[in-house]
Amino acid sequence: MRQLKFDKFFKEIEEEPLSIWKKREDIPNYIIDYFNKYPVRVAYDTVKYYCPYCFKELTDDYCNNCHQKFNKDIYFYISDIKDIKNYRYSDLIFTFDVINDEVVLYVIKRLTTYNNPNISIPYYTNNYEVYRAFHITNRGIKDLLYNNIEMTYKEMHQRLQQTEEIYILGYDLIDDEESYYLYVDNLDKLKNTIYKYTKLWELKDYLKDNKVNILNIIFAPFYNQDFEFLIKNKLYNMAFSPFYLEKFNNNLKKLFKDNKEFIVKNNLDYYEFKALELIKCQDLDAIKIVANNIELVKDIIKIVNVDFVKIKDMINEEELYEYFDYINMARKLGFNLKDKNVLYPKDFIKEHNKLYKQMVLINEPNIDKNIKKIAKKLTVNKYEDKNYVIYPAPSLESLIEEGSMQNNCVRTYASLYSQNKVQIYFMREKSNVNKSFVTIEVKNNKIVQAKIKNNELPSQAIENILKSWEKTLKKKD
Ligand SMILES: [Zn+2]
C-alpha cells in the first residue's frame with residue numbers, strides 16, 4: 001500500500017503516486033548491462049548483410065568500416081537497403097519492477113540516431129530510454145508515463161474483438177513486431193504480487209529464449225482463465241502465442257481432451273492447435289505446415305476434404321498454394337474430386353501444369369499459336385556466347401514449365417506475351433540447356449526484370465551480360 005495524502009487543494013485524500021523510472025538515469029544498471037550484451041541486429045536483404053551502425057556491407061560477419069564483428073543470426077529483413085529509413089529496427093525489452101506489492105511493467109528502448117554526418121540512415125547508439133511504463137492491477141493497466149489513463153481488461157477485450165489494429169494506451173499491442181524479450185532475472189519479485197497465480201517466475205528458462213507479446217503478460221494472465229490452465233499443463237508455447245482472445249470453447253476443450261498427450265508432448269502453439277482442430281490428425285509435420293498456412297488450408301478444405309498427411313508427402317510447403325490452384329482448376333474443369341488419383345497425383349507439378357494449360361486455352365484458344373509467332377519474330381534477339389544462350393520463350397508450355405522450375409509467376413504473363421505487350425526470354429547455361437536459369441521480362445526494349453530461382457537476383461557477372469544484351473535490343477528494333 002502506498003501512503004495516503006491530501007491532494008494539492010487539501011480537499012481530498014489520495015494515494016501517493018507510484019514512483020517510477022522516467023529517465024535514462026532511473027533505469028537500473030542490470031537492464032543496461034543486459035542490453036549491452038544483447039547482440040544488435042544486422043540488416044538483411046536476402047542476399048547481403050549490412051552493418052547495424054554504418055550499413056556498409058559485411059564481409060565474413062565483419063564491418064571493415066567499424067572494425068567490428070556481428071552475429072548474423074540476429075537480423076531484420078529489408079527489401080531494399082536504400083529504403084532503410086522506413087524500417088524500424090530499434091530494440092526494446094520488457095521488464096517488471098515491483099514497488100511494495102504493486103507491479104509496474106516497463107518497455108525500455110535502445111535508441112537509434114540520424115546524427116552521423118556521413119550517412120543518412122539511423123544507426124544504433126548506446127543510449128536508452130524508458131519508452132513506456134504501465135501499472136498492472138487486478139482491473140486493468142494504467143499508463144504511468146504519459147496520460148495516467150487506465151484501461152480495464154474488459155475494455156481491452158472489447159477493443160480486441162472490434163479491430164485488428166489495437167492501440168491501447170498509445171501502444172500497438174498485437175502487432176507481431178511488438179513481441180520482445182522479457183528480462184527474466186528478477187521475476188522472483190512477482191511472487192507476492194497479483195502475478196502469484198501465474199507463476200511466471202517458473203517459466204524463466206522458457207522466457208529467456210522466447211519473445212513475448214505484451215498482451216500475454218499484461219492481459220491474458222488476468223483476463224483469460226485458460227492462461228493458468230495452459231501454464232499448469234506446461235503448454236508454454238500456446239500460453240505465449242496470440243491466444244489471448246480465444247477462450248477455449250467446448251470444441252477446443254474436447255480437442256484438448258482427446259489429444260492431450262500429443263499436444264503436451266509436442267508443446268503445440270496456438271496456430272498448431274488451430275491446425276490440429278482443422279485437420280484432426282496427430283501428424284506433427286502436417287500440423288506444422290497447416291499451422292503456417294491456416295487460411296490457405298481453410299480455402300482448400302472448402303473445395304475438398306483432403307488428407308494433409310498425404311499432401312505433405314506429395315509436395316513441399318512452398319507448393320501448397322499451387323495445390324490450392326490445382327484443386328480449384330480440377331473442380332472448374334469437372335474432374336472427379338473423389339478420385340484419389342486426382343487428389344494426390346503421382347507427378348503433381350506435371351498435372352498442375354497440364355490443367356493450367358487447359359484453363360488458359362479455354363479462355364484464349366489462339367494463345368499458343370500467337371506465342372509461337374511472336375517467339376519466331378523475336379529470335380532476332382537471340383544471344384549466344386561460350387557459356388550462355390538467351391532466347392524468346394518458345395511456347396505456352398515452356399512458360400508454364402519455366403514458372404514451375406523457377407518458382408516464379410512467369411506463366412501469368414502468357415497473355416501479355418502473346419499480344420507482344422511484353423517479351424519473355426529465357427537465359428540458360430549451355431551445359432544444361434533444359435534447366436531454367438534466368439527468366440527475363442522485357443518491355444520497350446528494356447529489361448524490366450531478370451530473376452533466377454525464387455525471384456532472386458542473378459550474379460553481377462550475369463547482370464553484366466544482360467546489360468550488354470539489352471543494348472543490342474535497341475539497335476535491332
Ligand atoms: Zn559499420
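**Notes on a helix pair and a sheet**

1. Let's start with two helices: α16 and α18 cross in a right-handed way. Keep in mind as you look that this is a predicted model. On the α16 side, the contact is made by Ile-349, Asn-353, Tyr-356, Lys-357 and Val-360. On the α18 side, the residues are Leu-396, Glu-397, Ile-400, Glu-401 and Ser-404. Sorted by class, this contact has 5 nonpolar, 2 polar and 3 charged residues.

2. Now the geometry of that pair. Helix α16 covers residues 348-363 and helix α18 covers residues 396-406. They pack at an angle of about 140 degrees, and their axes are 10 Å apart. That angle makes α16 oblique to α18, because only angles over 145 would count as roughly antiparallel.

3. Next, have a look at the sheet. It is open, has 5 strands and runs in the order β17-β18-β19-β20-β21, with antiparallel pairing. At the edges sit β17 (383-384) and β21 (446-451), each pairing on one side only. In general, strands of a sheet pair through backbone hydrogen bonds.

4. Zoom in on one pair of strands. Strand β18 (residues 388-392) and strand β19 (residues 423-429) run antiparallel and are joined by 5 bridges.

5. Finally, step back to the whole protein. There are 20 helices and 21 strands. Of its 477 residues, 27% count as buried. Take the contacts between residues at least 6 apart in sequence: 54% of them join residues at least 24 apart.

How values were computed:
Residues are numbered from 1 along each chain as its sequence is written. This is a predicted model: local features need pLDDT of at least 70, side-chain atom pairs count only at pLDDT 80 or more; totals for chains, interfaces and linings use all residues. Axes are lines fitted to C-alpha atoms, for helices over the stretch in contact, and angles run from 0 to 180 degrees between N-to-C directions. Helices (H or I, at least four residues) and strands (E, at least two) are DSSP runs, numbered from the N terminus. Angles under 35 degrees count as roughly parallel, over 145 as roughly antiparallel, 65 to 115 as roughly perpendicular and the rest as oblique. A crossing is left-handed if the near helix is turned anticlockwise from the far one by less than a right angle, and right-handed if clockwise. Two residues are in contact if their C-beta atoms, placed from the backbone, lie within 7 Å. Ala, Val, Leu, Ile, Met, Phe, Trp, Tyr, Cys and Pro count as nonpolar, Asp, Glu, Lys and Arg as charged, and the others, Gly among them, as polar. Two strands pair if DSSP finds at least two bridges between them. A residue is buried if 20 or more other C-beta atoms lie within 10 Å of its own, exposed if 12 or fewer, and partly exposed in between; C-beta atoms are placed from the backbone.
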